[in-house]
Amino acid sequence: MNEQKKLCKLGKVIRKYRHLSGLSQEALSEIVGCDKNTIGRIERGETDFKISIMLRLAEGLDVSISRLSRELDSIQEDSYAASLEYDYLRLYQYCRKLSPEQFSTICNTAYIFAKGNHSSNT
C-alpha cells in the first residue's frame, strides 16, 4: 500500500475516534495544540505529520497508538461495513458509561427481543 493510501486510512481512523469521543475538529485541535485546519487535513489524508502530533492525537482521543495502528490494517473500504463497525463502536462507547444495573437491563431486553424474533422466524 502506498504512503498516500496509508495517510487516508489513518485519517479515517482518527476521524472515527474523534466522532466517538464527541469532539469537533476545533475541540481536538485545542487538545492537540494545532490548528483546526490541520486536523481536517490529517483526517482527509492530505498531510504527513510528526509522531509528536500522533502521540497527542492518541492521547486526546483516549486511544492507544497501537490501536490506531491496528485499525489501519483493518479499516474497511466498504462504506456499509465501515458504518456497521462505527455503530458497534458507538454502542460500546455508550455502554461504557452505563452502570452495571443499566447494562444488565439492556442486555436482558436485547435477549428477550432476540429470542422473540428468533422464535417467530423459525
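The side chains of Arg18 and Glu43 meet in a salt bridge (a side-chain nitrogen of Lys or Arg within 4 Å of a carboxyl oxygen of Asp or Glu), with 2.4 Å from N to O. This is a predicted model, in which local features need pLDDT of at least 70 and side-chain atom pairs count only at pLDDT 80 or more, while totals for chains, interfaces and linings use all residues. Residues are numbered from 1 along each chain as its sequence is written, and side-chain values use heavy atoms, with hydrogens and water left out.

User: Which helices hold Arg18 and Glu43, and how many residues apart are they?
Analyst: Helices here are DSSP runs of H or I with at least four residues, numbered from the N terminus. Arg18 belongs to helix H1 and Glu43 to helix H3 (residues 36–43), so the pair links distant parts of the chain.

User: Is Arg18 buried or exposed, and what is its relative accessible area?
Analyst: A residue is called buried under 20% relative accessible area, exposed over 50%, and partly exposed in between, using a 1.4 Å probe and protein chains only. Arg18 falls in the buried class because its relative accessible area is 8%.

User: Which residues does Arg18 contact, leaving aside its neighbours within four places in sequence?
Analyst: Contact means heavy atoms within 4.5 Å. With those neighbours left aside, the residues in contact with Arg18 are Leu23, Ser24, Gln25, Leu28, Glu43 and Leu61.

User: Which residue forms a salt bridge with Lys16, and how many Å apart are the closest N and O atoms?
Analyst: Side chains of opposite charge can pair when their charged atoms come close. For Lys16, which is placed in helix H1 (residues 3–21), the partner is Glu71, and the closest N and O atoms are separated by 2.4 Å.

User: Why does the pair of Glu71 and Lys16 tie together parts that are apart in sequence?
Analyst: Glu71 lies in helix H5 (residues 65–74) whereas Lys16 lies in helix H1, so their pairing joins parts that are 55 residues apart in sequence. Both residues are buried, with Lys16 at 11% relative accessibility and Glu71 at 3%.

User: Which residues make the nonpolar surface patch of about 290 Å²?
Analyst: Patch residues have over 30% relative accessible area and no salt bridge, with nonpolar side chains (Val, Leu, Ile, Met, Phe, Trp, Tyr) joined within 5 Å and like charges within 9 Å; accessible areas come from the Shrake-Rupley method with a 1.4 Å probe. Ile106, in helix H7 (residues 100–121), is partly exposed at 35%. The patch is made by Leu91, Tyr94 and Ile106.

Note on methods: Helices (H or I, at least four residues) and strands (E, at least two) are DSSP runs, numbered from the N terminus.
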